[in-house]
Amino acid sequence: MSNSIEDDSFSKPVGRWSVYCYGVGHMLNDITSACWFTYLLLFLTEIGLSSRDAAIVMLSGQIADGLATIFFGELIDRFGHFKIWHGAGAILVAVSFSSVFGGCIPCKLLSSFSAIVETVSYSTFAAIFNVGWAATQVSHMSMVSCITLNSTSRVVLASCRNAFTMVANLSLYGIAFIVFEVIRAETRADIENQYRWIAYLSIFIGCCFVGVFYLGTKEPRSKTGIHGDIHARISWTYWFLKILYYQVAIVYMLTRLVLNVSQAYLAFYVIDDLQMAQSSKALVPAIIYICSFVVSILLQEIAWKEQRLKAYYTAGGILWIFCGVAIILLPRRMSLFVYAISIFIGIANALMTVTAVSMQNVLIDQDLNGCAFVCGSLSFLDKISCGLTLFVLQSFHSSSPIVAGNYSTGNFSITRYGLGLVPAFCSLVGVAVTWTMELRIPSYKPLTETLLE
């Protein structure tokens, strides 16, 4: 009798307040991640590091993140306590992130600003930051499957999380716009001061929202199965024998590549290729995330079925393919069209992200005691693939900035190809893999109340 009551409570829609409190729990990670992918390579090259050294710093952080996700996924599946892992990661992120953008501390202590010392210093703090980031990410993502068994409510939680990801990104770009306008960068010290303030303010805003998450979110009981099987831990091989696991992993990895690679090269594109004003490296990303935020909010009210998940992901992928072509061909004299392109990129990002995360939750279904491993292993693929892709692109960028002739008054650069071609190709492959899936979304009795009430 108690088991049936528990099953029914898990199948009910999640309340509006619970959805919002869960959604803000990743804000610190999101705002620091936005800064990481948008400005790290730009910051490091502006203070004098070579493109290859900047890529090494990025890669060290991505590798640390990827390995940590597997480690934390296993520990969370073994011991539970999502909020403890989340809190420990948040503390590590808050403490270490300011050192990533706060200037080379070991260089000052050693009175040496050689390229080797700077690269090692930034790589070390990047690795520490990403270990904390991984603990928070895996614990927060895997909570969705343990909060509710209702497939539509899981999409609502993922969509709300994605919506607040957009809020975090918009907050970052608002901060960056103000800082870039107020603090003029004429020397290396000025540049470091700009990004230091961006880091400090980002950490403060993120920590405020994390506090709301802790006050409003209860610890899920992940170790009690829906049929009362206590501590029923799922082996890794259980997932490796599922074809759907590999399909979802590929789609999730490609979706994250689309988001992260485009975010990393957007600032380079508008400044170097299109030669727009400095404020555009905050304005263009802001437009993308405003559009993503609106779409994410709208997606919360949709009842999800297999064909609908596939159709919405496909729509996002096709939009990105057209945007990629436009980015490659856009001449410098028509640079203002990048604002129109950014609108469609924002819509595509939201469609692909919400549906990809929802596919991950369909994979987990009711196998709650393996959810952290799934989230961790998929994130591992995401981090390693992204780090290697950016490293390769930066290596080419370092050795040969211009790879082809002209189109009107603009050049075809590695930045242009990295921003246009890579996400478009990943979108195409992701759409193809999506339509090979068999997504079995469980049916629950019709809902008699609004999902978010």
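Visitor: How close do the axes of helix H5 and helix H7 come, and at what angle do they cross?

Guide: This is a predicted model. In it, the axes of H5 (residues 82-101) and H7 (residues 115-147) come within 8 Å and cross at roughly 150 degrees.

Visitor: Why are H5 and H7 called roughly antiparallel?

Guide: Angles over 145 degrees count as roughly antiparallel. The axes of H5 and H7 cross at roughly 150 degrees, and the two helices are therefore roughly antiparallel to each other. Their crossing is left-handed.

Visitor: What makes H11 roughly parallel to H13?

Guide: The axes of helix H11 (residues 243-273) and helix H13 (residues 306-329) cross at roughly 30 degrees and come within 13 Å. That makes H11 roughly parallel to H13, because angles under 35 degrees count as roughly parallel. H11 passes H13 in a left-handed crossing.

Visitor: How do you know that Glu118 and Arg188 form a salt bridge?

Guide: The rule asks for a side-chain nitrogen of Lys or Arg within 4 Å of a carboxyl oxygen of Asp or Glu. For the side chains of Glu118 and Arg188 the N to O distance is 2.2 Å, and the pair is a salt bridge. Glu118 lies in helix H7 and Arg188 in helix H9 (residues 188-216), so the pair ties together parts that are 70 residues apart in sequence.

Visitor: How many salt bridges does the rule give?

Guide: The count comes to eight salt bridges. Among them is the one between Glu181 and Arg184, with an N to O distance of 3.8 Å. Glu181 has a relative accessibility of 35% and counts as partly exposed, while Arg184, at 52%, counts as exposed.

Visitor: What makes the pair of Asp382 and Arg256 a salt bridge?

Guide: The limit is 4 Å, and the closest N and O atoms of Asp382 and Arg256 are 3.8 Å apart. The pair links distant parts of the chain, with Asp382 in helix H15 (residues 371-399) and Arg256 in helix H11, 126 residues apart. With a relative accessible area of 0%, Asp382 is buried. Arg256 has 16%, so Arg256 counts as buried too.

Visitor: Which residues are linked with Asp382 and Arg256 in a network of salt bridges?

Guide: The network links Asp65, Arg256, Asp382 and Lys383.

Visitor: What makes the nonpolar surface patch, and which residues belong to it?

Guide: Patch residues have over 30% relative accessible area and no salt bridge, and nonpolar side chains are joined within 5 Å. Phe177, Ile178, Val182 and Leu283 make a nonpolar patch of about 360 Å². Its largest share, three residues, comes from helix H8 (residues 151-182).

Visitor: Why is Ile178 called exposed?

Guide: The label needs over 50%. Ile178, which is found in H8, has a relative accessible area of 52% and is therefore exposed.

Visitor: What sets the phi of Gln275 apart?

Guide: Most residues other than glycine have a negative phi. Gln275 is not a glycine, yet has a positive phi of about 50 degrees. Gln275 lies in the loop between H11 and helix H12 (280-299), and at 53% relative accessibility counts as exposed.

Visitor: Why does Gly25 count as buried?

Guide: Gly25 is at 1% relative accessibility, so Gly25 counts as buried; the cut-off is under 20%. The place of Gly25 is in the loop between helix H2 (16-23) and helix H3 (27-46).

How values were computed: Residues numbered from 1 in each chain as written. Predicted model: local features only at pLDDT ≥ 70, side-chain atom pairs only at ≥ 80, totals over all residues. Heavy atoms only, no water. Patch = residues over 30% accessible without salt bridge, like charges linked within 9 Å, V, L, I, M, F, W, Y side chains within 5 Å. Areas by Shrake-Rupley, 256 points an atom, 1.4 Å probe, with all protein chains shown as cover. Helix = DSSP H or I, 4+ residues; strand = E, 2+ residues; numbered from the N terminus. Buried < 20%, exposed > 50% of the residue type's maximum accessible area, 1.4 Å probe, protein only. Axes fitted to C-alpha atoms, helices over the stretch in contact; angles between N-to-C directions. Parallel < 35°, antiparallel > 145°, perpendicular 65-115°, else oblique. Left-handed = near helix turned anticlockwise from the far one by under 90°.
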